[in-house]
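Please read the following account alongside the coordinates, taking the residues in the order in which they are discussed.

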Amino acid sequence: MDLNEPERAAGGGKTEQPEAGGKVRKFASRGKVLIGAVLAVTVVSGLYLVNRYWIAPALRTQAMSGGDHPGAPPVSLTDIGGKKLDLADYKGKVVVLDFWATWCEPCRIEIPGLVEMQDKYAKQGFSVIGISLDDEPGPVVEFYKEFKMNYPVAVGNQRVGELYGGIFGLPTTFLIGRDGRIYAKHTGATSPAVIEDEVQQLLAMSPTAENMGFRPGMAAGTSTKIELGDPAAIDSEIPGLNLTKLTATQKESLKKQLGELKCPCGCNLPVLKCRQVDRACRVSLKMAQAEMEKVLKSGV
Amino acid sequence: MIPVVRACRDVKFKGTMMKRPKLNMKTFFFTCIFVCLAAPVAWAQTPGQVVKAKVAMASPVARPNSIVRAAVVVEVVPGYHINDHHPSLEYLIPTEVKLEPNPQVTVKDITYPKGEPKKFAFSDAPLSVYEGTVRVDVALQLERKTPPGNYEVKGQLAYQACNDHACLPPASVPLLFSFKVVGRGAPARGSQ
């Protein structure tokens, strides 16, 4: 306890006067603030870097290798040659499922590497499957010939993209093991060496059990968490919302509310209309999810 | 701003001679940890809308047979770019202002800015792109016999955005050009 405290209290409203050495103290005080600021910046930067390059990758690897490998959602399309393309037919093979488009420059850079990999590993039970997000097959067919693609390619649809958690950036590449599970997801142009390393790991692993020892390549910094879409939410009348928990009254109430709320994404539409017109809009999705939570909590 | 801040500091710490609040090390330490852990989460978020666009009318009032001028102000989120209206490569999707047909209005001219050549990790040659804020000028020709009243011309800004390692699917932002047409006798500032 400070023994001067009672005296100060007895002094009432009396204030201290500045001392002669005030200037020195002022400089000393500024120096402390400066040192404090430098220290703060150093500590924050240091912790950030440690977290980014050490803790986060370790946690991600741990999460990925801890049984967090979901089964690949079904893909059933017609390829650009008119043949049926069904992912189920590839069970027992290692598959690189590549979402791409002809207008996507990073995709064009990545594809020759995939063509090379198909050549190199096809005999070991490996295949690349390309799903183009172009609107029409015409440019895809031209591209296929120009780039001498040697693996099946189909023009995808929104549903396939949503089943795979929504394709928010191209290229997006999924690494699927022989057991039909997704082991890695890369968004953006990824070094062929990273994908090849993952393919080699998957080719060497058990075709029946989940491969806990798989280590996704982190070097490229494009490895992302695998989050798949909920079919009930994808096929919902309010796209993105799983309405199965709502009663008929709650559904109507939610639709009414979302029909009145304006979406701030810039579309000038009510949230309900925005969800229906632009399924990829994350702004309307978040608002709709929040409103659904309110309706569920209200219990009405 | 600086004098105000100084005056405020003087009042607080000099005039009344209050003690400077001491830096609580515990608070400082936990703040640092919070900032470090929160920052990557915030930076990792996928942007909802990477392009915003708004219409600025040169004048809200126009006369029949005149030209209505407007600017479409496009804002591209930092870190992303959209293609030039005349992209460097034929397969790239151009940025384009598209207007819905209107019996009283015809599109006289749409002027796009020149893109900036930029080299990306994924491209061998520089690509002509738009970044930051860009402006597209639109000129609409009103028909000679346009009746007075309020008019709205709908349209959209179509674009395809990428950052330096991935591309987003093509998207569009709705545009609305609103103006009032007045008779020949009424004032119509800004129209030609």
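**Buried polar residues and disulfides**

In chain A, A:Q250 lies in helix α8, which spans residues 248–260; helices are DSSP runs of H or I of at least four residues, strands are runs of E of at least two, and both are numbered from the N terminus. This is a predicted model, in which local features need pLDDT of at least 70 and side-chain atom pairs count only at pLDDT 80 or more, while totals for chains, interfaces and linings use all residues. Residues are numbered from 1 along each chain as its sequence is written, chains are lettered from A and ligands numbered from 1 in the order in which they are written, and side-chain values use heavy atoms, leaving out hydrogens and water.

A:Q250 counts as buried because its relative accessible area is 6%, where buried means under 20%, exposed over 50% and partly exposed in between, with a 1.4 Å probe and protein chains only. The side chain of A:Q250 reaches the backbone nitrogen of A:T247 at 2.9 Å.

A:D179 sits in the loop between β6 (172–176) and β7 (182–187) of chain A, and with a relative accessible area of 10% A:D179 is buried as well. Its side chain makes a polar contact of 2.7 Å with that of A:Y183 (a pair of N or O atoms within 3.5 Å; within protein, one must be able to donate a hydrogen and the other to accept it, and residues adjacent in sequence count only if both atoms are side-chain atoms).

The structure holds two disulfides over all chains, a disulfide being a pair of cysteine sulfur atoms within 2.5 Å. One joins A:C104 to A:C107, and the other joins B:C162 to B:C167.
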